[in-house]
Amino acid sequence: MMFSTRQAAAKLGLSAKSLSRYIVAKKVPAPKIMTVGSASLHGWTEEDIGRVRALLPKIANGRKTRYQKLREKQKTQARVPQPQHAKTARARDPEAAPHKTKKKK
């Protein structure tokens, strides 16, 4: 049995527009194209829908919320070593230039 893109999207729990966008972006393999009169339509089979269902969890879609961006930022900061403070760096490096001090009167 063949399904239209709208019917396939309903079976997948997506909007037809989202499914069409995934096809254009090549995130999802396009099914066979049927010609009905002068119109060309995608003809979806149960196997095609099953393949897309398996791919859906792997597809990154939508905008990132501020919370997702914050989590990603925290992950990358945890991996990058934090810069050392200047005082501790000078204390370890004896050849570092001395800090200017005020002259006593």
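Student: What should I know before I start?

Tutor: The model is predicted, so local features need pLDDT of at least 70 and side-chain atom pairs count only at pLDDT 80 or more, while totals for chains, interfaces and linings use all residues. Residues are numbered from 1 along each chain as its sequence is written, and side-chain values use heavy atoms, with hydrogens and water left out.

Student: How many helices and strands does the chain have?

Tutor: Helices (H or I, at least four residues) and strands (E, at least two) are DSSP runs, numbered from the N terminus. Here there are five helices and two strands, in the order α-α-β-β-α-α-α along the sequence.

Student: At what angle do α1 and α2 pack?

Tutor: Axes are lines fitted to C-alpha atoms, for helices over the stretch in contact, and angles run from 0 to 180 degrees between N-to-C directions. Under 35 degrees counts as roughly parallel, over 145 as roughly antiparallel, 65 to 115 as roughly perpendicular and the rest as oblique. For α1 and α2 the angle is about 100°, and their axes are 8 Å apart. The two are therefore roughly perpendicular.

Student: Which residues make the contact of α1 with α2?

Tutor: Contact means heavy atoms within 4.5 Å. T5, R6, A8, A9 and L12 of α1 meet A16, L19 and S20 of α2. For classes, Ala, Val, Leu, Ile, Met, Phe, Trp, Tyr, Cys and Pro count as nonpolar, Asp, Glu, Lys and Arg as charged, and the others, Gly among them, as polar. This contact has five nonpolar, two polar and one charged residues.

Student: How do α1 and α3 pack?

Tutor: Helix α1 (residues 5-12) and helix α3 (residues 46-55) have axes 10 Å apart, at an angle of about 45°. That makes α1 oblique to α3. On the α1 side, A8, K11 and L12 make the contact; on the α3 side, E46, I49, V52 and R53 do. By class there are four nonpolar, no polar and three charged residues.

Student: Is S18 buried or exposed?

Tutor: Buried means under 20% relative accessible area, exposed over 50%, partly exposed in between (1.4 Å probe, protein chains only). S18, in helix α2 (residues 16-24), counts as buried because its relative accessibility is 18%. Of the 105 residues of the chain, 16% count as buried.

Student: What does the side chain of S18 contact?

Tutor: A polar contact is a pair of N or O atoms within 3.5 Å; within protein, one must be able to donate a hydrogen and the other to accept it, and residues adjacent in sequence count only if both atoms are side-chain atoms. The side chain of S18 makes one with the side chain of S15, at 3.0 Å.
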